[in-house]
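Here is a friendly walk through a protein for anyone meeting it for the first time. Have a look at the picture, then read on.

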Amino acid sequence: MKGVELYGRVRGRIEAILDWATARGHRKGDNPARWRGHMENLLPKRAKVKRVQHHPALPYAEIGAFMADLRKQEGLAALALELLILTATRTSEAIAARWDEIDLKAKVWTIPADRIKAGREHRIPLSAPAVAILKSLLDAREKMPDGEPCPWVFPGVRGKSLSNGAILSLLKRMKRADITAHGFRSTFRDWAAEQTAFPRDVAEMALAHAIGDKVEAAYRRGDLFEKRKRLMDAWAGYTAIGPAKGGKVLPLQHKSRAWSPT
């Protein structure tokens, strides 16, 4: 909400001007524009009045058809988006994935705390199609100019990882500029809530959301990994169900990764 943001900037400038005037003896008394200990007690916090803008998301009932289209696309961006969807990760987490985070034998992707919004290491159980994507990429792993293996799962240009722009361009090519990559996290969350019996905590932890309750967070030690493994396997199976034809649902096959939910 622009009005809220404008108010914050104006109040901050008035506070700074009045502090300057007080320091130079041009005025006396408390600063009436001060936020801490004063205005914060009189006005609602910005988070309560600022309108939350959600990322456009695909309805979960359409994910099978979308994945069928996605798996026809060529290039790293398509594979990155597919892995992002299968793991319910954020765009930055997926495109900047490193090989030293991946344990294909254990089927686990461990994202370090400094790459997670909540600031806590996040272990992701890898479903069969996610493992298949990573194995295909490992087989084609590039080398850096110095001869060392490329550290990025999805290498970009100039020794960096794939850019966010590559995902945006992919969605435009697919004529799906109406949705965002981040929105697939909402697609996953809606599906988990409305189509499964998995507890809310399992779905929230799959999204690496921070625990809001400080007391609960203090006592929570585990990461519900085994339960999340079953959840992500179920999600992979759901994304592999194609659009209905003649009253039947069809399991999808990727042309380069032989896998089906059965």
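## The greasy middle

Let's start inside. The largest nonpolar core has 54 residues, and the ones that touch the most other members are Phe66, Leu70, Leu81, Ile85, Phe184, Phe188 and Leu231. Helix H4, residues 76-87, gives this core its largest share, with nine residues. Keep in mind that what you are looking at is a predicted model.

Phenylalanine 184 shows how residues meet in here. Setting aside neighbours within four places in sequence, phenylalanine 184 is in contact with Leu58, Ile63, Phe66, Leu81, Leu84, Ile85 and Ile179.

## The overall plan

Stepping back, the protein has eleven helices and three strands. Read from the N terminus, the elements go α-α-α-α-α-β-β-β-α-α-α-α-α-α.

There are 262 residues in the protein, and 39% of them are buried. The protein exposes about 15600 Å², with carbon and sulfur atoms supplying 54% of that area. Take the contacts between residues at least 6 apart in sequence: 59% of these join residues at least 24 apart.

How many of the twelve residues of H4 are buried? Eleven of them are, so H4 counts as mostly covered. The buried set is Ala77, Ala78, Leu79, Ala80, Leu81, Glu82, Leu83, Leu84, Ile85, Leu86 and Thr87. From its first C-alpha to its last, H4 reaches 16 Å, close to the 16 Å expected at 1.5 Å a residue. Just after H4 comes alanine 88, with a positive phi of about 55°.

Helix H3, residues 63-70, is mostly covered too, with six of its eight residues buried. Those six are Ile63, Gly64, Phe66, Met67, Ala68 and Leu70. They pack against H4, helix H7 (164-173), H8 and H11.

## Helix H11 and its arginine

Helix H11 covers residues 225-239.

What does arginine 228 touch, not counting residues up to four places away in sequence? The list is His122, Arg123, Ile124, Pro125, Val202, Met205, Ala206 and Asp223.

## Rings that meet

Next, the aromatic rings: the structure holds seven aromatic pairs. In one of these pairs, tryptophan 191 and tryptophan 235 have ring centres 5.0 Å apart and planes at 50°, so the pair is tilted. Tryptophan 191 lies in helix H8 (residues 183-195) and tryptophan 235 in helix H11, so this pair ties together parts that are 44 residues apart in sequence. Both tryptophan 191 and tryptophan 235 are buried.

Tryptophan 191 pairs with tyrosine 238 as well: the centres are 5.8 Å apart and the planes are at 35°, so that pair is tilted. Tyrosine 238 lies in H11 and tryptophan 191 in H8, so the link ties together parts 47 residues apart in sequence. Ring pairs link Tyr60, Phe188, Trp191, Trp235 and Tyr238 into a cluster.

## Charges over rings

Some arginines sit over rings. The charged end of arginine 123 is over the ring of phenylalanine 225, 4.2 Å from the ring's centre. Arginine 98 lies over the face of tryptophan 152, at 5.0 Å from the ring centre.

## A proline in a loop

Last stop: proline 56, in the loop between helix H2 (46-49) and H3. Its relative accessible area is 39%, so proline 56 is partly exposed. Which residues does proline 56 contact, leaving aside neighbours within four places in sequence? They are Asp178, Ile179, Thr180 and Gly183. The C-alpha atoms of proline 56 and alanine 177 are separated by 9.5 Å, though the two residues are 121 residues apart along the chain.

Terms used. Residues numbered from 1 in each chain as written. Predicted model: local features only at pLDDT ≥ 70, side-chain atom pairs only at ≥ 80, totals over all residues. Heavy atoms only, no water. Helix = DSSP H or I, 4+ residues; strand = E, 2+ residues; numbered from the N terminus. Buried < 20%, exposed > 50% of the residue type's maximum accessible area, 1.4 Å probe, protein only. Contact = heavy atoms within 4.5 Å. Areas by Shrake-Rupley, 256 points an atom, 1.4 Å probe, with all protein chains shown as cover. Phe/Tyr/Trp six-rings, centres within 6.5 Å; stacked < 30°, edge-to-face > 60°. Lys NZ or Arg CZ within 6 Å of the ring centre and 35° of its normal. Core = buried A, V, L, I, M, F, W, Y, C linked by side-chain atoms within 4.5 Å. Expected span 1.5 Å × (residues − 1).
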